[in-house]
Amino acid sequence: MPEPQLTPEVFDRAIVAIALTAGPEHRLVYRNDAFLALFGPRPMGVPIREVFTEPGVDRFFETLDLVRADGTARQVTTPRTVETAEDDPESHRHFVYSCSPVSSRFGPGVLVSAIDTTAEVHSAQRAERLSTDRLHALQRYEALMSAVSQLVWLTRADGTMVELVPGWEELTGYPWRDTMDESWFELIHPQDREGLARRWLDAAGGEPSMFEHGFRVRTVSGEYRHVASRAVPIVRDGRLVEWIGATSDIEDRWRNRLRERLLARAVAVTEAPRPEDAFAAVAGLVVPDLTDACTVFVLSGREYSSQPGEIRGTRIASTARPGLPPLPPLRQQSFLLGPRARRAVAEQAPALLTFPAGHVPPGLVPEESSRWLARARATSLTLLPIVLDGVTVALAAAAGCDDTPPPGRADIELLQDVLQRAQLPLRQSLELQRTRDVALVLQRALLTAPPAVPGAELTARYQPGNRAAEVGGDWYDAFVLPDGSLALTIGDVAGHDLTAATTMGQLRSMLRSIAYNRTHLHTPADALTGLDAAADGLGVAVFATAVHLHLARATGTDGGWLAAWSNAGHPPPLLLPADGAPRFLDTGEADVPLCVAPTEPRHTHRTPVGPGDTLLLYTDGLVEVPGENLATGLARLAASAGQAHGLPLPDLCDRLLAGVPDARDDIALIAFRAAAPEPTAPEPTDA
C-alpha cells in the first residue's frame, strides 16, 4: 500500500501559521496566509536557510535536521522573535513552533506550525510569565499534530480515506483500507455498523457538518474496544474538498463510566418490593449494555437433588433487549443442571460457552429456555454464579444473540462484579425463600391425603404459585363424618405469607372439629356459621372464603350421592355429569366470606351426584388471571374439564393444573367422582 500523503492546502485558512519543507535541504514548498501574516513574504522553492536569514535561527535549522533524520516530532516552546523594527520592541512578533515529519506530493518533508504568542510575550515581559491558557492551547494543538495517541486520517471528497498517522494495522491486525467497504465494516462491532453509517451519512449529507461518533472496533486480540472519531469538513470556495479527522481509543474511559453507572444501579435494586422484582432488576442491570439477555436461576435448599453432584435450578427472572423474541413466562419449573453448569456452581467461577447460532448444548438451561435461545439465534452463554456468604445461591446465564460476538474477558469481569454487588436484594430473597420453604412444609403437613371411600374416588392437589418466596392460605380437606357421610372443604385465606399459612391451619382445624362433633342433622351452613363465630371469638378472624360440602349416599342401588353445600364467597363448585355438559353449582349470589359478618345468615344448597359424575372444588388460582375477567377463567375451566372428563381422576386434575395460563397464585383442588355401577351379567336363557 503506498504511503499516505498530506495535502497541505487543508491548512490554507488555518489561524496557525503553517509551512511545509521538502528534501534534505528543506526547500520551502508551501505556506499559508497565517504564515505570511506572521513572517511576511518569503521566497518559495529555496532552502529554508535562504528563507530565514535573521540572527539566532540556527536552533530552528538544527530541529529540522533532527526531525528528518529520526522521524520524531519536536516542539520549541521558548518564544522566538521576528524583529520588525529595531527601535520599537513592542512591534516585534513572537512565536513558538513545532516540527513534524510528513510525506506529501513533494516527497518526504517537515511540517512546521507556528503560533503567534506576541501578546503573551509582551504580557510576560511585563508580568514575567506566559499565559497558562495560551500555553495549554499550544499543547493541545501540538498533541493533535503529533497524534501520539490518535489515528489521524483524511477522507477526500470522492470517499477515499488516507491514514496520515499509522496505527490502524497495529490496532486491528489488518492493513488500512482507503474505502469504507464491507471488508472495512467487518472490523466494526455488528451492533454498531448501522449507527456508524447513518451518522456519517447525516454529517456528509446536505451541508457538511462535524462528524462525531463512538463505536467498537475488533482488535488484533479478537476482542472489541470502544473508540471515538471526530472529523471536520474542509470546504473551499463553497465546495467540500475533504475531511480531516482523528480516532482515539476510549475503552478505559467508557468502561470506567459504565462500571460506575451499573454499580450505582446495583445499589438501587434494593428498593424492589418483591424478591422476583429484585432478581429481575439484577438481570436488567446488564441488559443491554453488557449482554443481550440474562436469566437468573435460584438454587435453594429444597431444589438440591438427593443424588450426589446433582443440582436443580428454578428460573426466577429473565430480561432481554428489544428486538429479540418474547421471553417464555415464568412457571416456577426446575431443571437438572448439566455438568458444565454444576462445575461453574461448584467452582464459583464464570464460564463462557460458544456454539453455532441457536444450538445450545443440553443441560445448560431448562428446555423451555433452550428453545427460546434457539429462536433468538444465541451464539454464546456466560454462566455466572452469584455467591452469598460463601454459598452459590443463584446462577445467572447471560446470552449473546444474533451476530453479537462473545463477551471479552473485561466484559465477563464486569458482569460478575455488577451481579455480585447486588448483595442486599439477593440476601433478602434468600431469607424469604427460606420462609416460603417453612410455610410449604407446614401446608403440606396439614393437607393430608383424602380418605378411601367405598363407592367413590377422591383426588387432591396443591400447587404453590410461581411467586418466589411467597405462600398462600389455600387449603383443601376431606374426612368421613360419624354418620358415614363425606365432608369436603376448599378454602382460601387472604394473603401470601407465613401468617396466611398458619391462619389457614387454624381455620381448617376448627372447621374439622365443628363439623365432626355435630350430628348429621346440622347442615354445611351450620358448620360455617360455627366457624365464623369461633374465629371471631378466638381472635383469629381474617378474611377468607370457603365451600363446605357433605356427600351422603342416595337411597337406592344406582350408586348415586346427594351433595349439600354452603358457599362463603368462594368460586362455585363444578359438576361434570357422566353424560352432559359441565355446570357450575352457582345459586346466584354467594353468602358473605368468613370473618366479615359473623351474624349474617348462611344457606345450604343441594344437588344429586349421579354414578360417574365428577365434582370439582378449587381455589381461585385455577381460574383467575391478572387483567382477565373471572367469567373468562370459569368458562376456560369448564371447557378444559369437559374435554378431559373421560380421563382418570388424577390425570384430570393434572391436566387442569397444567392448563392455567399464569400460575402465579397458589392452587388447591379436590375432586370427587361417584363410582359407576358394576355392569350386571345377562340372565341365562333357554337355548
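Let's start at Phe-672, which has contacts (heavy atoms within 4.5 Å) with Ala-456, Glu-457, Leu-458, Leu-486, Leu-488, Leu-551, Trp-561, Val-609, Asp-613, Thr-614, Leu-615 and Leu-649, leaving aside residues up to four places away in sequence. This is a predicted model, in which local features need pLDDT of at least 70 and side-chain atom pairs count only at pLDDT 80 or more, while totals for chains, interfaces and linings use all residues. Residues are numbered from 1 along each chain as its sequence is written, and side-chain values use heavy atoms, with hydrogens and water left out.

Phe-672 belongs to the largest nonpolar core, which has 44 residues; together with Leu-488 and Leu-551, Phe-672 touches the most other members. Helix H15 (residues 498-516) is the top contributor to this core, with six residues. A second, separate core has 29 residues, among them Leu-285, Val-393, Val-418 and Ala-422. Here a nonpolar core is a set of buried Ala, Val, Leu, Ile, Met, Phe, Trp, Tyr and Cys residues joined through side-chain atoms within 4.5 Å. Buried means under 20% relative accessible area, exposed over 50%, and partly exposed in between (1.4 Å probe, protein chains only).

For the chain as a whole, 48% of the 687 residues are buried. There are 18 helices and 26 strands, taken as DSSP runs numbered from the N terminus (helices H or I, at least four residues; strands E, at least two).

On a 1 Å grid over the protein atoms alone, a cavity is a set of points where a 1.4 Å probe fits but cannot get out, and lining residues have an atom within 4 Å of a point. Grid points are joined across faces, edges and corners, and a volume is the space filled by probe spheres set on the points.

| Cavity | Volume | Lining by class |
|---|---|---|
| Largest cavity | about 180 Å³ | 14 nonpolar, three polar, no charged |
| Second largest cavity | about 130 Å³ | 11 nonpolar, four polar, one charged |

In these classes, Ala, Val, Leu, Ile, Met, Phe, Trp, Tyr, Cys and Pro count as nonpolar, Asp, Glu, Lys and Arg as charged, and the others, Gly among them, as polar. Nearest the centre of the largest cavity are Trp-153, Trp-184, Phe-215, Ser-229 and Thr-247. For the second largest cavity, strand S11 (293-298) gives the most to the lining, with four residues.

Technical notes: On a 1 Å grid over the protein atoms alone, a cavity is a set of points where a 1.4 Å probe fits but cannot get out, and a pocket is an open set with protein on both sides within 12 Å along at least five of seven lines; lining residues have an atom within 4 Å of a point.
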